[in-house]
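Please walk through the structure below, from individual side chains to the overall fold.

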Amino acid sequence: MDISLLMEYGWVLLILIGLEGILAADNALVIATMVKHLPEKQRKKALFYGLGGAFVFRFASLFVISYLVQIWQVQAIGALYLIGIAAYHLLKKHVLKPKLKKSHSTSKSSSFWMTVVKVELADIAFAVDSILAAVALAVMLPTTSLPQIGGLDGGHFAVILAGGIIGLIIMRFAARYFVILLDKRPGLETAAYLIVGWVGVKLAVYTLDHPEVALLADGFAKSLTWKLIFWSVLLTIGAGGWFLSKEKTEPVAKVETAL
């Protein structure tokens, strides 16, 4: 790889690390909330199973998607999923939050194994979110001389794999620090899901540029014009999430992870 290619891949990996960090913190917070009602011993065991499920489902998602990513119907479903999951989280946070809190306060606690099942189902959703977002970012990168894995260029696969591993490491060791950051600057969570939705738009553009669809000018999805538009909007969302989020100074509640 030449230096310009390495810089482009490195830039995408940095974006993935930031996005994975915020999403992993959100995921860890959700899982910690799910197991909170259990006795301490069972809680640690459920968190351990949750972390194991996160590893398994994330790598399974990566290998399945790597074989399907060139099918335009799969790309279209992935784009709709990312846009939909972003819209759902934003609506839940800003519109439905009071209703969800009320519903949660009146719900009964689950048994240990039912809690484990819920955690594993959450792991599946988190894995799909993470890998699809990583794929949507990686497929726009220039191809490399590395051998293909499934339908993915070897370089694209390596970036997605690195992002997935980093996400798991963050969930395992650094989630609490990202939760603290989210608590201090809550606008970052909104920004993260706006980025997920925007990445979904990127995957939609890639789908519309597919030779079998051809609803956009040939090569537009990999053109300099689209790259400038995509990165400008993404950086604007990220900067807006940071600078427009009012910093809190209150102490942060303890967040449990599978430490």
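**A histidine and its surroundings**

Not counting residues up to four places away in sequence, His156 touches Tyr9, Ala138, Val139, Leu141, Pro142 and Thr143. The model in which these contacts are found is a predicted one. His156 itself is part of helix H6. Its relative accessibility is 5%, so His156 counts as buried, the limit for that class being under 20%.

Ser61 lies in helix H2, and because its relative accessibility is 12%, Ser61 counts as buried. A polar atom of the Ser61 side chain lies 2.7 Å from the backbone oxygen of Phe57. With neighbours within four places in sequence left aside, the contacts of Ser61 are Ala127, Val128 and Ile131.

From these single residues we turn to the fold. The protein consists of eight helices and has zero strands. Read from the N terminus, the order of elements is α-α-α-α-α-α-α-α. Of the 259 residues in the protein, 44% are buried. Taking contacts between residues at least 6 apart in sequence, 84% join residues at least 24 apart.

In soluble globular proteins, nonpolar side chains tend to be buried together. Here, the largest nonpolar core has 48 residues, and those touching the most other members are Leu82, Leu137, Ile160, Val196, Val199 and Phe230. At least two residues of this core come from each of helix H1 (3-35), helix H2 (40-68), helix H3 (72-94), helix H5 (112-138), helix H6 (154-184), helix H7 (187-208) and helix H8 (224-243). Helix H7 gives the most, with eleven residues. Phe230 shows what such a position looks like in detail: not counting residues up to four places away in sequence, Phe230 touches Leu137, Trp198, Val199 and Lys202. Apart from this core lies another, made up of ten residues, among them Val35, Leu38, Ala46 and Phe112.

Charged side chains come next. Side chains of opposite charge can pair when their charged atoms come close. How many salt bridges does the structure hold? There is one salt bridge, and it joins Lys227 to Glu8, with the closest N and O atoms 3.2 Å apart. Lys227 belongs to helix H8 and Glu8 to helix H1, so the pair ties together parts that are 219 residues apart in sequence. Glu8 has 27% relative accessibility and therefore counts as partly exposed.

The last feature is an open space in the protein. The second largest pocket holds about 290 Å³ of space. It is lined by 15 residues, of which Gly18, Leu19, Ile22, Ile195 and Gly238 are the closest to its centre. Which helices supply at least two residues each to the lining of the second largest pocket? They are H1, H6, H7 and H8. H1 gives the most to this lining, with five residues.

Note on methods: Residues numbered from 1 in each chain as written. Predicted model: local features only at pLDDT ≥ 70, side-chain atom pairs only at ≥ 80, totals over all residues. Heavy atoms only, no water. Core = buried A, V, L, I, M, F, W, Y, C linked by side-chain atoms within 4.5 Å. Buried < 20%, exposed > 50% of the residue type's maximum accessible area, 1.4 Å probe, protein only. Helix = DSSP H or I, 4+ residues; strand = E, 2+ residues; numbered from the N terminus. Contact = heavy atoms within 4.5 Å. Salt bridge = Lys/Arg side-chain N within 4 Å of Asp/Glu carboxyl O. 1 Å grid on protein atoms, 1.4 Å probe; cavity = no way out; pocket = protein on both sides within 12 Å on 5 of 7 lines; lining within 4 Å. Points joined across faces, edges and corners; volume = space filled by probe spheres on them. Polar contact = N/O pair within 3.5 Å; in protein donor to acceptor, adjacent residues only side chain to side chain.
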